[in-house]
Amino acid sequence: METGDDPVVIRHRELERYANTALKAGRIMMESGASVSVVHRGITMIARGFGVETIGLRSGYTSIAMTVHVADQTITRMLQVGRLGVNHRLDLAVRQLCARAERGGMSVEEVEAELARLVRETPRHAPWFTALAVGLACASFGRLLGVDWLAFGPVWLAGAIGQYIRHHLLHRGVNIFIVAGAIAFLSATLGGLGAIALQSATVQLAMMASILLLVPGVPSTNAQTDIMDGYPTMGSARAVWVLMIMLFAATGIWFAEELLGMRS
Amino acid sequence: MWDFLPHLLHQALFGAAAAAGFGVLFNFGLRALPWCAAAGALALMVRTGGLDLAWSLEGATFAAAIVTSCAVSALRRVLGPACNAVALAGCIPMVPGAFFGEALLGFFALTAPHPADAAEIFVAAAEHIIRVIFTLAAIGAGLAIPAQLLKNQDF
């Protein structure tokens, strides 16, 4: 019998398609900021919709692996995960797809096509709008920290410019830690210069507020969620990532303070 | 009480703006952004009230995260599976990024060849990093406990 006609091989290929499709949904959720427990539940829901049982799931920082089983056949497959970010609308849309798939009646092709459509068509805010919003968030953080009104505008502008350039650098594939250091330096310098020019009394606070767009709030809470949910390895990896981002950001602001003579 | 009100409103307003701004970065839809802003305002109001009652920053942050998480859980019929994410966005303005930066800058300063007041710098940096850890833990626990107990749906 040819290998292509072997029912075991055919069944394995079917199982592989189920596993790969479920893993793709998990990868999108993970790259969109979902915690490990949510990713695992989503993957399990899709597998259940295909009529297969999930025996095991494992998430690392850069990969997800799953073992599926049906009628004495078992396979294990792994999928690479890309850079972890936050995309709420895409995350939510994929979760809704998981719920639909679990109810049954969706083929592998339909789920695959829907995943591709969601990735392609889920709207994102325009970069200029995101930059303005993030700049406003930095300036608001500044007010919460005690930045005076004179520095409010410079912090807004510095945060917005920093976010706009960060967006383009990340799209060009520049290393995320280098981007954090460079944007911290740029935004802190711009915020500091603006605050000095307007004779603000809170120049150092303004410089710090200008870089708060870099603080990875979602990954830091996800780190804790993962540990609390029983995934300490992933939680620890996220925490180390947060620490590294903050180290690079602090290095950037340190250079900016040196440049503007704030450290003496 | 009336002396405190302008400060409370100020914190709520900028908590709302910070949460909504980060909501845009996290790609929340335009209809969800007012909920992020409301969650941010609520979180900052509770934390500011707690600090005014002389609670520690960590205690006030924990209370704020719990209240925010409970409030969005009460709205879960309206918000659906997004409710946990809205609570998280609301708590983003309480993430102690500035403390984290100050702590790391303090440790950097200790690496100078002959730092002046090394002990003071070290204590200040250590204090900042401890506050960062405890405040992040307060936010995480405050968000997670109501969501777990009330069984908020994720899907």
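**Entry 1: domains of chain A**

I began with the division of chain A into domain 1 (3-121) and domain 2 (127-259). These bounds come from an automatic or database domain assignment. The model is predicted: local features need pLDDT of at least 70, side-chain atom pairs count only at pLDDT 80 or more, and totals for chains, interfaces and linings use all residues. Side-chain values use heavy atoms, without hydrogens and water.

I looked up the distance between the domain centres, taken over C-alpha atoms, and found 34 Å for domain 1 and domain 2 of chain A. The contact takes 14 residues from domain 1 of chain A and 13 residues from domain 2 of chain A. Contact means heavy atoms within 4.5 Å.

Next I looked up the buried area. Between the two domains of chain A it is about 1100 Å², with 64% from carbon and sulfur atoms. Buried area is the accessible area (1.4 Å probe) that two parts lose on being put together, summed over both. On the domain 1 side, Val36(A), Tyr61(A) and Arg83(A) supply 45% of the area buried against domain 2, more than any other three residues.

**Entry 2: salt bridges**

I used this rule: a side-chain nitrogen of Lys or Arg within 4 Å of a carboxyl oxygen of Asp or Glu. It gives 13 salt bridges over all chains. Across the interface of domain 1 and domain 2 of chain A it finds 0.

I picked out one pair, Arg77(A) and Glu16(A), whose side chains meet at 2.7 Å, N to O. Helices (H or I, at least four residues) and strands (E, at least two) are DSSP runs, numbered from the N terminus.

**Entry 3: chain B against chain A**

I then turned to the two chains. Their contact takes 41 residues from chain B and 51 residues from chain A. About 4000 Å² is buried between chain B and chain A, and carbon and sulfur atoms give 74% of that area. The rule finds 1 salt bridge across this interface. Arg41(A) forms a salt bridge with Asp154(B), and their closest N and O atoms are 2.9 Å apart.

**Entry 4: a helix pair**

Last, I checked α7 (residues 176-197) and α8 (residues 203-210) of chain A, which pack at about 145° with axes 8 Å apart. Axes are lines fitted to C-alpha atoms, for helices over the stretch in contact, and angles run from 0 to 180 degrees between N-to-C directions. Among the residues that meet are Gly191(A) and Gly192(A) in α7(A) and Ala206(A) and Met207(A) in α8(A).

Terms used. Residues are numbered from 1 along each chain as its sequence is written. Chains are lettered from A and ligands numbered from 1 in the order in which they are written.
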